[in-house]
Structure formats: structure tokens, C-alpha cells
Amino acid sequence: MQQMEHRYKVLVIGDLGVGKTSIIKRYVHQNFSANYRATIGVDFALKVLNLDQDTIRLQLWDIAGQERFGNMTRVYYRDALGAFVVFDVTRSCTFEAVRKWKEDLDEKVRVPGGKRFTAVLLANKCDEEKDDAINNIFSSMEQFCSELGFISCFETSAKENINIDEAVNCLRRGRHDAHRDEGTRMLMLMLMMLLLMMTPSATSRARYAESIITKDQVI
Ligand SMILES: Nc1nc2c(ncn2[C@@H]2O[C@H](COP(=O)(O)OP(=O)(O)O)[C@@H](O)[C@H]2O)c(=O)[nH]1
Ligand SMILES: [Mg+2]
């Protein structure tokens with residue numbers, strides 16, 4: 001089987017101090033630092049994954065200090081295939097900002113080739129006591145996520161390394177499977193057309209189509 005290389009640009013956005021840089025550091029460098037240091041400028045970290053036959057290059061883009069301006073430029077969002085929107089469970093105002101960040105994404109992201117954009121919500125600092133308002137929100141989190149178009153939500157801790165890998169895998173699989181599905185669909189369509197052209201009678205055409213559809217469902 002031919003080895004494939006995929007490159008994904010993933011954005012990590014959310015209010016200042018929610019733990020975006022810490023999440024990236026935990027995922028890419030497996031470490032955590034309690035010293036607060038606001039990142040300045042736009043930065044990204046690269047993680048290379050070798051999965052089955054495929055090499056996946058995940059570029060995690062940190063908005064790095066730009067969050068204080070409230071939104072980002074289209075250049076930053078360009079060609080991104082997915083995003084984490086992060087809030088801090090100890091500060092409910094950062095949760096209120098999630099809607100604004102998601103709307104900014106929806107407005108500015110243009111996914112190449114009309115592919116699906118995947119967004120995952122991260123409730124970070126789950127190692128700490130939750131804000132009361134956040135506790136209430138958690139009971140209807142699923143509804144909130146689907147309303148805003150997030151594919152999933154994870155309670156994470158960059159400090160204690162909770163759910164970071166799981167969240168990245170969820171986002172990556174959302175993307176990766178979408179690519180696979182598209183490829184498979186195209187291949188099946190081409191095969192079907194080829195077989196229909198080669199098949200002489202209408203009855204056997206129908207039979208061929210039926211067997212292909214069954215095969216497609218199995219995949
Ligand atoms: N307790 C706890 N603190 C965290 C966690 N993630 C980040 N922090 C702290 O929160 C502060 C802001 O983190 P940072 O990654 O710089 O946030 P950013 O502004 O969103 O990039 C720092 O002092 C971090 O040490 C976490 O999961 N748990
Ligand atoms: Mg930062």
C-alpha cells in the first residue's frame with residue numbers, strides 16, 4: 001500500500017490565560033510549566049505521527065498574545081482544517097467567550113476544497129475546582145456543543161495531562177476519516193460508472209449496481 005503524507009493545520013484559540021500554550025506544550029513536548037508567560041506573536045508547533053501507512057504532520061497554531069484583540073486575521077485562519085476552542089473551567093467569562101471565538105472561526109475559515117472544518121471544545125484546567133456557573137453549564141454541555149457546531153467537548157488538564165491526546169485524536173480522526181471517506185466515495189463512483197459502461201444488459205447492470213452498493217455499505 002502506498003504511503004500517504006497528510007498535513008493538517010490546527011488552530012488553538014480562546015481567551016488569554018485559558019491554557020492554549022500549555023496544551024500545545026503538553027501535547028508536543030510532554031511538559032508543563034506553571035510560570036505564566038504570555039506568548040507574543042503567532043507561533044506553531046509541529047507533531048509528526050506515523051500511523052499505519054500514513055505520516056501525519058500536525059501543525060498546532062498558537063494565537064500567542066493576539067487574543068487580547070478579540071479576533072484574528074484571515075491570514076492566521078488560512079487553510080486550517082480544524083480548531084480547538086479552549087476555555088478555563090475556573091473562569092466563566094472565558095466560557096462566555098467561546099461563542100464569539102466559534103463565530104469568528106465560522107466567519108473567517110475557508111476550508112480548502114470544500115472539506116469539512118472540525119472544531120472541538122476544550123474545558124481546560126479540570127484539575128482545579130470549577131466555577132459555580134461552569135458547573136451549571138456542564139449539565140447542558142452536549143446541547144451547547146451541537147448548537148455551536150463542535151463535534152465534541154473534552155475536559156482537559158495540560159497540567160495533569162488529562163484528555164489532551166484523546167482530544168487531538170478526536171479532532172484528527174474527524175479530519176482523517178473525512179479524507180478517507182471522500183477518497184473511497186470517489187473510487188466507488190468511478191468503479192460503478194466503469195462497470196455500468198462495460199455491462200451489456202439492463203438486468204445485469206442493475207445487479208452490478210446492487211452488488212457495488214452493498215460493498216459500499218460494508219466499507
Ligand atoms: N491548574 C492548571 N493550570 C493551567 C493549566 N493549563 C494552563 N495552566 C496555567 O494557566 C496559565 C495560562 O496558561 P497559558 O498556557 O499561558 O495560557 P494561554 O494564554 O491560553 O496560552 C499558566 O499559569 C499555566 O501554568 C491546567 O490544565 N491546569
Ligand atoms: Mg499563550
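**Figure 1. Both faces of strand 5 are covered in this predicted model.** Buried means under 20% relative accessible area, exposed means over 50%, and partly exposed lies in between (1.4 Å probe, protein chains only). In a regular strand, side chains alternate between the two faces of the sheet. Strand 5 spans residues 118–124, and seven of its seven residues are buried. Helices (H or I, at least four residues) and strands (E, at least two) are DSSP runs, numbered from the N terminus.

**Figure 2. Strand 5 pairs with strand 4 and with strand 6.** Two strands pair if DSSP finds at least two bridges between them. Strand 4 (residues 82–88) runs parallel to strand 5, with seven bridges. Here Phe-84 stands opposite Val-120 of strand 5. Strand 6 (residues 152–156) is also paired with strand 5 in the parallel sense, over five bridges. Leu-122 has Phe-154 of strand 6 as its bridge partner.

**Figure 3. Phe-95 pairs with Phe-87 and with Phe-144.** The protein has four aromatic pairs by the following rule. Rings of Phe, Tyr and Trp (its six-membered ring) pair if their centres lie within 6.5 Å; planes under 30 degrees apart count as stacked, over 60 as edge-to-face and the rest as tilted. Phe-87 and Phe-95 make an edge-to-face pair, 4.9 Å centre to centre with 70 degrees between the planes. Phe-95 and Phe-144 make a tilted pair, with 4.8 Å between centres and 40 degrees between planes. Phe-95 belongs to helix 3 (residues 92–108) and Phe-144 to helix 5 (residues 141–148), so this pair ties together parts that are 49 residues apart in sequence. Why does Phe-144 count as buried? Phe-144 counts as buried because its relative accessibility is 12%. Phe-95 is buried as well, with a relative accessible area of 8%, and so is Phe-87.

**Figure 4. Lysines lie over the rings of Trp-61 and Phe-138.** A charge sits over a ring if NZ of Lys or CZ of Arg is within 6 Å of the ring centre and within 35 degrees of the ring normal. The charged end of Lys-9 is 3.9 Å from the centre of the Trp-61 ring. Trp-61 is also linked by ring pairs to Tyr-76 and Tyr-77 in a cluster. Lys-130 lies over the face of Phe-138, 4.8 Å from the ring centre.

**Figure 5. A nonpolar patch on the surface includes Met-190.** The patch consists of Met-186, Leu-189, Met-190 and Met-193, which together have about 440 Å² of accessible area. Patches are made of residues with over 30% relative accessible area and no salt bridge; like charges are joined within 9 Å, and nonpolar side chains (Val, Leu, Ile, Met, Phe, Trp, Tyr) within 5 Å. A salt bridge is a side-chain nitrogen of Lys or Arg within 4 Å of a carboxyl oxygen of Asp or Glu. Accessible areas come from the Shrake-Rupley method with a 1.4 Å probe; for residues, only the protein chains shown count as cover. Met-190 lies in helix 6 (residues 164–198) and counts as exposed because its relative accessibility is 54%.

**Notes to all figures.** Residues are numbered from 1 along each chain as its sequence is written, while chains are lettered from A and ligands numbered from 1 in the order in which they are written. In this predicted model, local features need pLDDT of at least 70, side-chain atom pairs count only at pLDDT 80 or more, and totals for chains, interfaces and linings use all residues; side-chain values use heavy atoms, leaving out hydrogens and water.
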